[in-house]
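Visitor: Please give me a close look at the places around the ligands, and then show me some of the fold that goes with them.

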Amino acid sequence: MAAPSIDQPDFRALLVTPYGFQNQGVRLLAAELRRAGFDARVLFFKAWVNNNVRPPTARELALFDAHVAETRPALIGFGFGSPYLRIVTELTARVRANSDAFVIWGGVHPTISPEDGIDAADAVCVGEGEQPLLELAGALAAGRSPDDIANLWVRRNGRITRNALRPLIQNLDALAYDRLFDVPLAWIERGRLAAGDPLADSAVYRVFASRGCPFHCAFCYNSQYRAIYHGLGAYHRVRGVESLLGELETARRRLPRGRRIRFDDDSFIFPRSWIDEFVARYPGRVGLPFDLLLNPEAYDPEALRLLRDAGLCHIQAGVQSASPEELPRDYDRCGSNEHVLALARTARSLGVEITFDLILDNPLASAADKDATLDLLLELPRPFNLFLYSLTPFPKSELATKLLAAGVISENDIEGRATKSFRQFRLSFDYPRPAEETFYAALISLTSKRFIPRGLIRWLARRPVLRRSPGPLKLLARIANLVKLIGIAVRMARRGELSRFHLREYVTLRGRLVQ
Ligand code: B12
Ligand code: SF4
């Protein structure tokens, strides 16, 4: 990455992210700024907890103010996704009251809806932030105008400049991955401020070997990014194996409690030559078990076998629905159930654990759509896990637009205005839903419980009385879920993967998350 060759230790940047210790965006941007000679730090404002995100307390807000006052940054950047719009707006107002720092917003939400930020912040970054932030810091440190920096919307003296986007970064290896561990970090949680990496004792290190995704699902930010970046270079890009292994080797040294690598790539898709190189070097250089995310459409049995031999232990596969109508109609996906079945069988034969992601609570789904999903799940070889998600519309996504047009949601139901994900992103039986949705949610959840015979689930599915009054079925699903969750927790504890934060992230395991 081209960086201004300046040494500006007096120019300090503070990057803040709400409810996301695992956010790599702000870590990498701070690393980039430091490589260019700026003093850049990161503040993680509160931990994220599945289905249990609570607003900051007065004490935590006061700690935030005090940290800003003490750090005296000239530049404050907030990186965040849609659900956190209101919290970041409040934090920005507090910065304004206590500091004259230049404030910039970036991340997924500002990229998709820059108009939401430009009245509160001095600038909003659309898309990748590395080069724009370097140029902004350079301009501010030198007293130059930041008005014409590509990717930025800039508000000065009541005038807004909306600059065009620069091309996507194609050479990811030029990014400051080698400096990720050199960034001074602090975090606020549970009414206290601490210095250091909040994930220092985490058993899992999350890494990205790519950016973007070849697919374009209607509910996913990738579809919107594709449109925003249209004509500005290849969208799905991969890192070189050497750069990736370098980062992982450093992570192993710096995080001695690390026991597992999680590839956070949206879908683990790489050219065969990349896979060959990776599997040849990873075991000797890193050697930890790893998990990855996969769209079953991109499933390649031979690549999975090679990856298994190199340490692959878990696949999280997006299925979303098994209805051949619902998939293309509502989610713009064209995967087939044959792919899912083949992937499930391969994972089983390789001894790799598998989890299927499904979206429930789709107000456009018919009973036939839901039956199709149930049927597929009843065919899958056990054991498997389920991550069930309650459909959550995100701003400007194709799916949100479709739901709005169908009149089944209003603008107030879209994250940013809504904060449904604070209480239910993963499906929770505590959340109210129509009887028929509960009926299917309970049946679907039962399919992943090995101790519940499939014949019994089929029998329950044919009981009209349960469809109308699914209370007893929900109770059975809750109990079965708890048994399964205890089993998972015991296995994780045995593998030494239940770190303090991991436990707290999933503290709602006590019954709220439905697997
Ligand atoms: C790791 C991860 C998590 C982690 C960490 C959360 C976090 N804040 O990052 C955890 C597990 C906590 C998590 C939880 C959730 N997540 Co999440 N998560 C991700 C994931 C896979 C990677 C994030 C990341 O580190 N990316 C890598 C970095 C390099 O990219 P980046 O953050 O976008 O940063 C670049 C630019 O955006 C920009 N930028 C970013 N910040 C800033 C700041 C400034 C100042 C500037 C100038 C630029 C800038 O520059 C960066 C470098 O180019 C993304 C998908 C993805 N691939 O991005 C989903 C994603 C962010 N998550 C998503 C969702 C929905 C959630 C949850 C709501 C789900 C839930 N179960 O409740 C919660 C919300 C938590 C939260 N605080 O946002 C959505 C957000 C959609 C949206 N419109 O907001 C995404 C995009 C997934 C998706 N497919 O839609 N998530
Ligand atoms: S395959 Fe996954 S990451 Fe890719 S566009 Fe679809 S939902 Fe998003």
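Guide: Happy to! Let's start with ligand 2, whose shell has four nonpolar, five polar and one charged residues (nonpolar means Ala, Val, Leu, Ile, Met, Phe, Trp, Tyr, Cys or Pro, charged means Asp, Glu, Lys or Arg, and the others, Gly among them, are polar). This is a predicted model, where local features need pLDDT of at least 70 and side-chain atom pairs count only at pLDDT 80 or more, while totals for chains, interfaces and linings use all residues. Residues are numbered from 1 along each chain as its sequence is written, and chains are lettered from A and ligands numbered from 1 in the order in which they are written.

The residues around ligand 2 are the cysteines C213, C217 and C220, together with F215, H216, N222, D266, S267, N295 and G318; a residue belongs there if its C-beta atom, placed from the backbone, lies within 6 Å of the ligand.

Helices (H or I, at least four residues) and strands (E, at least two) are DSSP runs numbered from the N terminus.

One of the residues around ligand 2, G318, leads us to strand β15 (residues 312-320), which runs parallel to strand β16 (residues 353-360) and is joined to it by six bridges. Two strands pair if DSSP finds at least two bridges between them. In this pair, I315 stands opposite I354 of β16. On to the next partner: β16 also pairs with strand β17 (residues 385-390), in the parallel sense and over six bridges, with L358 opposite L388 in β17. Between β16 and β17 the chain passes through helix α12 (residues 367-379), making a right-handed β-α-β crossover (with the strands pointing away from the viewer, the path from the first strand over the helix to the second runs clockwise).

Stepping back, the protein chain has 18 helices and 17 strands, and its C-alpha trace spans about 70 × 50 × 45 Å along its principal axes.
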